[in-house]
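I set down here what I looked up in this structure, entry by entry.

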Amino acid sequence: MPPKAKKREPPTSTTLSAKDLDLLFKLQHADPHSILGMHPQGEGVLVRVFRPEAKSVSILLEGDEERALSSSHPSGLFEVFLADKKEIPPYRVKVKYPGEKVFIYWDPYAFWPTLGDLDLHLSGEGNHEKLHEKMGAHYRECQGVKGFSFAVWAPGAKGVSVVGDFNGWDGRLHPMRRLGGSGIWEIFIPELTQGMNYKYELRTDQGRLMKADPYAFATEKPPLTASVVFQSKYQFQDQEWMENRGKTDMLRQPISVYELHLESWRKVPEEDNRPLTYREMASQLAEYILELGFTHVEFMPVMEHPFGGSWGYQVSSYFAPTARFGTPDDFKYFVDSLHQQGIGVILDWVPAHFPKDEFALGRFDGTALYEHLDPRQGEHPDWGTYVFNFGRNEVRNFL
């Protein structure tokens, strides 16, 4: 028998190592920014773009100067060496697909990390007092370009991508970088618009996981489960209330608390008995509370939860008010309105347990990350939920 023909490898002209290529194509590269984007090389700058299925790729420099990239691997890797440039600022990428579809975007791999060493150190210690301003999705300006930064804690993941409406939910387009040994993955994506849905796609030993953002400020309305890119524009007007609260010894003042469940407090019979929105409740609840003589209202958990029957006590997004009644800014208006009429607001908070829904915190990176691995400590047998592992610094910091 004639010898078997050797399998022919696809032609490639990339300068990347076989290991880097393998990890990139598997979406398991811990630092895609180290191989994609722009990198000084000798007397010039090398630029790489990974855009699967693209027909052609070019970059747009200052003054709309366009430089074409060459295909260096059939899987979608493109490269160009700019011998006349020693460094370049962030640039846009122009991608043409079959059918002449053209997309132009800022290259996310041309931007610096949005978390610093101090952030990582304090998070690891469990002492970061403003971690919610770093983790999750945040509108910011980086190197003169506006967009949203994303950061998620997933130390057990082999790779993490941001997926959403803005990239066709394709994990190949925005793989994140892992920041040292912190277990935090990060990326800055320019020019995202308000209201886009997103999740994290994690590659683990158990396969691919699709998870909502633990630090999301907004979510889809249940039963939908995506996180939502959100930039608050609301300005509070409750300065008088806040100043008086700071001057008052609450332990020496009479307090009378009215507790309620927002979804069942009042309905709108003319519209299929739907619950009131945050803005509708603002005036109606304040009038009711003042008439009865209460000083405070206490809401059963308003944090997002997948199962309405839990009355909010099985939280999936601890930083997002439920989308059942409106946006986060609608909720801010609600609280602001109550404060302006002299009514204090108390929010129930649930650190005792969280649900096992696949999209949420449970087995977040394929491991028992937020919960105890031992079911005797990590599961609540009566409620069918997970119990937080308070022994982890990052979990305590999250809560």
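The entries below begin with the basis of the model and then go through its features.

**Basis.** I worked on a predicted model, in which local features need pLDDT of at least 70 and side-chain atom pairs count only at pLDDT 80 or more, while totals for chains, interfaces and linings use all residues. Residues are numbered from 1 along each chain as its sequence is written, and side-chain values use heavy atoms, with hydrogens and water left out.

**Confidence.** I looked up pLDDT, the predictor's confidence in each residue, from 0 to 100. The chain average is 93, and 97% of the residues score at least 70. Over residues 5-11 pLDDT stays under 50, and for this stretch I found 3 contacts beyond four places in sequence; contact means heavy atoms within 4.5 Å.

**Aromatic pairs.** I searched the whole structure and noted 27 aromatic pairs. Rings of Phe, Tyr and Trp (its six-membered ring) pair if their centres lie within 6.5 Å; planes under 30 degrees apart count as stacked, over 60 as edge-to-face and the rest as tilted. Tyrosine 258 and tyrosine 288 make an edge-to-face pair, at 5.5 Å centre to centre and 70° between the planes. Tyrosine 258 belongs to strand 16 (residues 257-260) and tyrosine 288 to helix 5 (residues 278-292), so this pair ties together parts that are 30 residues apart in sequence. I took helices (H or I, at least four residues) and strands (E, at least two) as DSSP runs, numbered from the N terminus. For burial I used relative accessible area: buried is under 20%, exposed over 50%, partly exposed in between (1.4 Å probe, protein chains only). Tyrosine 258 is buried at 17%, whereas tyrosine 288 is partly exposed at 27%.

I then turned to phenylalanine 331 and phenylalanine 334, also an edge-to-face pair, with 6.4 Å centre to centre and 75° between the planes. Both lie in helix 6 (residues 328-340), 3 residues apart, about one turn of the helix. Phenylalanine 331 is buried at 10%, and phenylalanine 334 is buried at 0%.

I recorded one aromatic cluster that includes Trp153, Tyr215, Phe354, Phe364, Tyr370 and Phe398.

**Charges over rings.** I applied the criterion that NZ of Lys or CZ of Arg is within 6 Å of the ring centre and within 35 degrees of the ring normal. The charged end of arginine 279 sits over the ring of tyrosine 333, 4.4 Å from its centre. Arginine 92 is placed likewise over the ring of tryptophan 106, 6.0 Å from its centre. I also checked aspartate 330 in helix 6: leaving aside neighbours within four places in sequence, aspartate 330 contacts Tyr278 and Arg279. Aspartate 330 is buried, at 16%.

**Cores.** Which residues have the most contacts inside the largest nonpolar core? This core has 50 residues, and the answer is Phe150, Val160, Val162, Met176, Tyr198, Tyr200 and Tyr370. A nonpolar core is a set of buried Ala, Val, Leu, Ile, Met, Phe, Trp, Tyr and Cys residues joined through side-chain atoms within 4.5 Å. Among the elements giving two or more residues to this core are helix 1 (18-25), strand 9 (145-153) and strand 12 (184-190). Strand 9 gives the most, with 5 residues. Apart from this core I found another, of 22 residues, among them Val47, Ile59, Leu82 and Ala110.

**Strand 9.** I found 8 of its 9 residues buried. For pairing, DSSP must find at least two bridges between two strands. Strand 8 (residues 136-142) pairs with strand 9 in the antiparallel sense over 7 bridges, with cysteine 142 opposite valine 145. The hairpin of these strands has 2 residues between them, and there glutamine 143 takes a positive phi near 50°. Strand 9 also runs antiparallel to strand 12, joined by 7 bridges; valine 152 has tryptophan 185 as its bridge partner.

**Backbone.** Most residues other than glycine have a negative phi, and most peptide bonds are trans. I noted a cis peptide bond joining proline 222 and proline 223, with omega about 15°. Aspartate 272 has a positive phi near 55° and is exposed at 79%. Arginine 363 has a positive phi near 45° and is partly exposed at 26%.
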